[in-house]
Amino acid sequence: MKRKFRVNRKLLKKSEELLFRVFMILSTTIIIMALLAIIASILIKGVPSLSWSMISETPKGGYYFGKEGGILNAIIGSLYLSTGATLLALVVSLPLALYINIHKMKQKRAVNSIRFILDLLWGIPSIVYGAFGFMLMVYLGLRTSLLAGILTVALFIIPIMVRSMDEVLKTVPKGLIESAFSLGSTKSETAFRIVLRQCIPGLITAVLLSFGRAIGDAAAVLFTAGYTDYIPTSLSQPTATLPLSVFFQLSSPIPEVQNRAYASAVILTIIVLIISITSRAFSMKYQKNKIK
Amino acid sequence: MINGSKINIEHLNLHIGNKHILKDIHVKIPEKKLTVILGPSGCGKTTLLKSLNRLTDLYPEVKTQGKIFNDNEDILHPKIEITELRKKMGLLAQSPYPLPMSIYDNITYGLRISGRRKKKYLNKRVEYYLRQVSLWEEVKDRLKDPASALSIGQQQRLCLARGLSVDPDIILADEPTSALDPVSSREIEELFLKLKQRYTIVMVTHILRQARRVADYVIFMYLGEIIEHGPAKQIFENPKNPITKSYIKGIYS
Amino acid sequence: MKAIALPNFKTRRVLRESGSEFWMKCCYILIWTMPIILLTGLIIKSATLFQEKSVLELLFSSKWKPLSGQFGFLPFILSSLWITFLSILIAAPICLLTAIYITQYTKRIVLKIMHPVIDILAGIPSVIYGVWGILIIVPFVAKMASWFNIQSSGYSILSGAIVLSVMIIPFVLNILIEIYRSIPLELSEASLSLGATKWETIKKVLTQKAFPGIISSFGLGVSRAFGETIAVLMVVGNVVQIPRGIFQAGYPLPALIANNYGEMLSIPMYDRALMLAALILFVVVTIFNLGSRYLINYYEKKI
């Protein structure tokens, strides 16, 4: 009697585990399938609309109604905007990340609180940055422009960039920093000449990641960068961007305009994929070259 | 010399990836004695200990050949009921790893897993095993506290009690005192001397003096091989192999 | 020659040092003041609304008529809550099961495959998720509604939640994988040597140990989901109403801000109402964000 009970218990345990393993495999498959479905649906819908004129011309007759032309305005605009924002963010992020990890090395509390603030800022949705930027622009009497877009996006990617750099710099062995100090180098020399060199691939990954965020975000530029059919020639002009090119043109009833949206989606996806793959390659290399 | 042997290891070879970690281990571990696996760090002592209850399964790329018999059952046989086997061997790790639950639940975990759920029985067992490791008086008023609130020495004794709770025949101890202060180490050693009346104990250590204090039987390992094994007295007083000799004299440690 | 060059070199060096340190300090202060500036800006801008309306009316009225000056946020708040919690409900089990699977059951290689999958999912822009939602999820949800005999265009709370759940999966999954990987192997060994099976060890020991971390990861997921804008906006329908079912259209807070920025200057008090929406987003997201982080730090010390 007792023996039978034990056997049943074991069977029960085994089948419970089996059931959950099935669920686990299912979940993992769902995630992989979701990714494939996203990429496939974008490619299937978008690749047929890609053509040379699509990527080499600006829209003709208005982006929302004109059937002719392509998305060059959005491609160039997005590159301008994200490059500008990334460079601007870099000017703040790199010194700050170094400062936290080298100058403030001993002040655990200060470092922890700034990380806390950065995490807080990272968590704030980009629409809030966008709304805030817009409010500020109205207050200052500015119009939507490339510059306003760059500033807003830079603000929004700074926490991302600093935190990713911080994660890299954290791993620098204390001994390396100390030996740099003991050779007589100042804190900033240690930071920019020794630590920077040690971490450069990881830092590039951080920059690429932030660039990806900048180019993909729509909510922050919606208010600030505006949208236009033309390629901006100065910082004070509004600019088109790829995410908004998708967003605006997709809602148009005209199929040709919708095609522009799908083409923009493909271009955007490809850019993001390239960024993802290169940054992974960089971080692999980083792990190989790191002095432990 | 050996009356009853509890575990027979026959030509055990173990590879991790391309590395040959254990080389042709062939030895018998005596019953109800305290066997010490002695040797410098990184010579495969811990791996040998963990292959005894197949915890080596947890590590990737581990390949084992050979046989380990426990009561005439081949431990390494793939079809063996591994959970039943592991229940026969209590494990004490290098530093204490209490399960993330209360002191009480740490002891009852193994019992409940094998289907014992009666409150009265569990209460009695908890007291019994905590007394076995002389922890009862210290914790009887706070059994529901998280186990992590105990001091590290108390935690290690709790882990020992937890290991005893499933009623094993064998206790496997992997440098059980290496994370402890001298007083707690002493307590663990004394417990082992008491427990070896009833259990077969296999203990890994690289501390020579500890081995001298507690061992009945010694297996001396070096670079993945057994150099010499025999009763403690013989190994410590009259080692045959020159490597053992120099280790005993304190050249390696 | 050298005697002249040396002090020159020295002063240059000192200048460079103090210059770079000055800039670093500026950046440091900038980050410190950013949240304060953001918060005060939003509060100042939306505060004037409170002079004319009571908080209760703003938060719990469902009348949204900007032209006649009625701003009841209830439909938007409820839509946001519905979508966020549905998405967590979908994402949470998937993430947990996957994290357990790839940290406990599979070989390293699967983790190596999953890492880029997670990275790419995390990197795909919101608007692409939106396009995918329109192409695949919306028709699917419309069909699903028809199984239940419900009329739905597919642009609904459920579509928003499904798209959103896929968006937060990489975020939550990454944290969970880290948590499960950081549990010492010795803990599994201890449980296994007491005769527990692998599944019992995972269920009763590892997940117990990871529990605060798991809750935190879900909390962080909520904070991510609550503020997501474009993707949700594209599939959720954007109808001002109190949602009464998952197949109905909703209108979450971020979508409200994004859709109306154009008109907000032409209608009195509208800009303040939208800033209030941004403020609500800021506060809710920050509470979930910091709460989860606090929880994980608190328990890391305890267990």
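Reply: Helices (H or I, at least four residues) and strands (E, at least two) are DSSP runs, numbered from the N terminus. This is a predicted model, where local features need pLDDT of at least 70, side-chain atom pairs count only at pLDDT 80 or more, and totals for chains, interfaces and linings use all residues. Residues are numbered from 1 along each chain as its sequence is written, chains are lettered from A and ligands numbered from 1 in the order in which they are written, and side-chain values use heavy atoms, with hydrogens and water left out.

Me: What is a cavity, then?

Reply: On a 1 Å grid over the protein atoms alone, a cavity is a set of points where a 1.4 Å probe fits but cannot get out, and its lining residues have an atom within 4 Å of a point. Grid points are joined across faces, edges and corners, and a volume is the space filled by probe spheres set on the points. By this rule there are four cavities of 30 Å³ or more.

Me: Which helix gives the most to the lining of the largest cavity?

Reply: That's helix 6 of chain B, with three residues. The cavity has a volume of about 50 Å³. Its lining includes Gln156(B), Cys159(B) and Arg162(B), along with Glu186(C) and Ala190(C) from another chain. At least two lining residues each come from strand 6 (89-92) and helix 6 (152-164) of chain B, and from helix 7 (185-192) of chain C.

Me: How do the lining residues divide by class?

Reply: For the classes, Ala, Val, Leu, Ile, Met, Phe, Trp, Tyr, Cys and Pro count as nonpolar, Asp, Glu, Lys and Arg as charged, and the others, Gly among them, as polar. Here the lining has seven nonpolar, two polar and two charged residues.

Me: And what lines the second largest cavity?

Reply: Among its lining residues are Ser80(C), Ile83(C), Thr84(C), Leu164(C) and Phe226(C). Helix 3 (74-105) and helix 8 (198-226) of chain C each give two or more residues to this lining, and helix 3 of chain C has the largest share, three residues. The space in this cavity is about 50 Å³. By class, its lining has seven nonpolar, two polar and one charged residues.

Me: Is Ser80(C) buried or exposed?

Reply: Buried means under 20% relative accessible area, exposed over 50%, and partly exposed in between (1.4 Å probe, protein chains only). Ser80(C) counts as buried because its relative accessibility is 3%. Ser80(C) lies in helix 3 of chain C. For its neighbours, contact means heavy atoms within 4.5 Å. Leaving out residues up to four places away in sequence, Ser80(C) touches Phe226(C), Pro252(C), Leu253(C) and Pro254(C).

Me: How do I read a whole helix that way?

Reply: Helix 6 of chain B is mostly covered, with twelve of its 13 residues buried. You can look at its length too: the expected span of a helix is 1.5 Å times one less than its number of residues. Helix 6 of chain B reaches 19 Å from its first C-alpha to its last, close to the 18 Å expected.

Me: Why is helix 3 of chain B called largely enclosed?

Reply: Nine of the eleven residues of that helix (residues 103-113) are buried, so the rest of the structure largely encloses it. Tyr104(B), Tyr109(B) and Leu111(B) are among the buried ones. Just after this helix, Gly115(B) takes a positive phi of about 95°.

Me: What makes a nonpolar core?

Reply: It is a set of buried Ala, Val, Leu, Ile, Met, Phe, Trp, Tyr and Cys residues joined through side-chain atoms within 4.5 Å. The largest one here has 197 residues, and those touching the most other members include Val153(A), Phe73(C) and Leu253(C). Helix 6 (residues 157-182) of chain C contributes the largest share of this core, 16 residues. A second, separate core of 45 residues includes Leu135(B) and Leu208(B).

Me: Where does Leu39(C) lie, and how accessible is it?

Reply: Leu39(C) is in helix 1 (residues 2-52) of chain C. Leu39(C) counts as partly exposed because its relative accessibility is 31%. Beyond residues up to four places away in sequence, Leu39(C) touches Leu279(C) and Phe282(C). For contrast, Leu98(A) is buried, with a relative accessible area of 0%.

Note on methods: 1 Å grid on protein atoms, 1.4 Å probe; cavity = no way out; pocket = protein on both sides within 12 Å on 5 of 7 lines; lining within 4 Å.
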